[in-house]
Every structure is written in structure tokens, then in C-alpha cells.
Amino acid sequence: MGNQYAYSDNLLDAFPDLEGRLASGRVVPYQVELHPAPSGRELCWLKCSHCYMQGDIDDAERVSGERLVDVIDDLSKGSPRTGERPKQLVISGFRTDPLNSASFVKIFRAAKERGFATGLHTKGLVLGEEAIRALAEESIQGDYMTFSVDAGDNSTYASVHDANGQSRLYNHVVENVRKLVESVRKRHSPLRIQATYLLTEENCGASVESFVKTFLDMGMDSLRFSVPILPTMAHQSRDSDFPSISDQALSGFKERFKGLSRRFGERLVYLRFEKRTRRTLPCYSRWLYPTVGFDGNLYPCCLTASKEFSAVRIADLKKEDFWGAYYRALPLDFTAADCQCDRKSEEVNLVLRQRMMSGSRAASSRVCKMMTESNYSSESSL
Ligand code: SF4
């Protein structure tokens, strides 16, 4: 099946001598992800069964919008070792949605004023006029916005997000996206707008075609499909109740996808259809995709950005500047973290591991030394 999407291409193009940079400590992040915090104790009011964590009430501290703007300032000054800045910022959430934060527009504007290409990930349930105006008027080349939709009609949306009392949420999201697309096109904004669809047993039938038709008709730049990653959720087992897709349903979807991609071409893409990915070590994510969680701590990746993964927490950015924390020698306890990579991190960890293994023994051992002894602890070696 064509139309497959790969994360590692951009990264490896951006840093041709990545192994050398890792070994010499002159690496800079490819992207830094920021998770703006909601103000209340409740992180999210949906109860999606495919959520990475159980429990939406969380009394952990919250990072303020002002502090995230300070972090963006730090990043814009560039690495004290190389002078380079991250290639992009991502404003997203883990159990949270950035548009549920009252500081979203302030944070987005700070990224634009400092010239960062920025990716936004949201469910799109809250998208006010001020946010639409900022997105349409201030976006720059390289900016993108991804709506996580996962349904093609109201009843499927309510079922997938366990929001049965809310019967018109899908229509509401569609209307929000439509307003944004119209505003963006009217102003000839470079903002790319895309949507994602997590395939499970309950949404891989007719709902898919309805989603594709509605969203492509609205003028989306691309639609991306994937299957769920079973999370470890910091030792909470979810094997029994986590949504999945059967082989039969997946092959039915693949047939449908072939037909759809013939009609709509490269605007439809998919991430590798594996039912279960795994953690891949050594983990390079801390250096390449660090994330500031809603609690203001710096974590190695977006799927560990919550207090349940304190074993791999790097620093409290409510009290420290970004670059000092990023370069600090610090062993992280992956055995205690029991984390689960998202596809991006898994793919990048795998590609780098293979490159190290096929490279010279001396280069590999320099990177191993840097990652395992001085700055990183790992439960496997190259
Ligand atoms: S989930 Fe994967 S990328 Fe994230 S910290 Fe764990 S090993 Fe690294």
C-alpha cells in the first residue's frame, strides 16, 4: 500500500551528522513540544477508551502560559553550545488539549514573534474567534495544525470518545474546522491543516468514507490514518479494555483505503499499521524531541510528559532555564518508567540504533558512552 508516512526523513535530513553531534554533546532538539495546562483539576472532559492514561483528575502543578513564553524565549536565543535553535515547536497535549488552555493564543503568538515554525495538535472542540484569527493571520511557512477526529458522524464520535450525552460533537468539530479553513484560505495563510483518524473496531467501517469526504471537501491538506498503540501507562495494564482493530476489519479498511487513495491520492496517508509497537532503547528522544509537560517539567518525549513517569523526568522548568536542564548530565531510570514509545520516537530510535550498529565500532562506543554513562541510563546497549 502506498502513501506511507515516515518521521525519520525530516530529522535525518536536518542533522546529517547526528551520531557525531550526539557523541560530542553538540546536539540540539529537532523539536520542542509544549503542553499548555488547563486551569482546573480536570485535564479533559472526554473519557476516550483509547486515552493513554486512566484518570482525568490530576492535582499535579500546572505550568503558566507566561512560563511557557519564557521557555520559547530561551529556545529562540539558541543553544549555548552551537547557537542553533530547534527546527520547530509543537503545541500539543498528553491527556490535555492545548486549545483548552486560556493561554493558547499568547503561546502561539510568542512562537510566531520569535519565528518558530509551529505544529499544533488538537481535538478542535474549543476553537474561538481569537484563536482562528491568530492562526489565519500570523502563521508562517512550515506551520501546521492537526485535528484528531477519529470518526465520520455524530454517533461514532460520541461512541469513540465515550461522550454519549453529547450527540452533536462531530458536527461541532466539523464547523470549527470549516471556519478555520475558510479563514486561512481567505487570507492565503501558509498554515497546513490536516486531520488524523485512529482506526478501531467501532470506527473503521462507513464512518471512514464519511470522514474522508467531509474533510477533503472542506479543503484539508491531508488526512492521516493509524491504528492504536497499546500504552503501558506507567504500570497500569490495559490489555483487556483497550480498543483495537481485528485483522479482518483492518484488511477491510485497507481495501477501502486503496479505493479512496486512488480517488484522493497523496492527501491520504497512513502510519505503519502495526497493532502493537514497543519501547525502543537506547532512547534518543530526550535530545531530539524533549517535551514540557502540563506540570512544567521537562520530559524525554510527549508520551512521558506526566507525573506517572517521574523516573524519566529531566528538570522542573518552572524553576530552571531550558538549555541548562537540557544539557545536564542525568541518568534516567527507564526500568522504573515502563514507558511506551509513540511511532515517531520508536521509528527514530530504531533508525539510529541501526545506523550506530552499521557504523564504526569507535563511533558507536563514543555515542554509547555519552548516552549511558554521562547523560543517559539505558537498559540495553547497542
Ligand atoms: S516512551 Fe520511548 S521515546 Fe519516550 S522516554 Fe520512553 S523510550 Fe524514550
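A residue counts as buried if 20 or more other C-beta atoms lie within 10 Å of its own, as exposed if 12 or fewer do, and as partly exposed in between. Keep that cut-off at hand for the close-ups below, which are all taken from a predicted model.

**View 1. Arg95, a buried residue with a positive phi.** Here we look into the loop between strand S2 (88-91) and helix H4 (104-113), where Arg95 has its place. Its phi is near 75 degrees, a positive value in a residue that is not glycine. Arg95 counts as buried because it has 20 C-beta neighbours inside 10 Å.

**View 2. Asp162, a partly exposed residue with a positive phi.** This residue sits in the loop that runs between helix H6 (154-160) and helix H7 (169-186). Asp162 is not a glycine, yet its phi is positive, near 45 degrees. With 14 C-beta neighbours inside 10 Å, Asp162 is therefore classed as partly exposed. For context, most residues other than glycine have a negative phi.

**View 3. The cis peptide bond between Leu281 and Pro282.** Pro282 belongs to the loop between strand S7 (268-270) and helix H10 (285-288). As a reminder, most peptide bonds are trans.

**View 4. Confidence along the chain, and the stretch 372-382.** The chain has a mean pLDDT of 87, with 89% of its residues at 70 or more. Across residues 372-382, however, the pLDDT is below 50. In the model, this stretch has 33 contacts beyond near neighbours in sequence.

Key
Residues are numbered from 1 along each chain as its sequence is written. This is a predicted model: local features need pLDDT of at least 70, side-chain atom pairs count only at pLDDT 80 or more; totals for chains, interfaces and linings use all residues. pLDDT is the predictor's confidence in each residue, from 0 to 100. Two residues are in contact if their C-beta atoms, placed from the backbone, lie within 7 Å. Helices (H or I, at least four residues) and strands (E, at least two) are DSSP runs, numbered from the N terminus.
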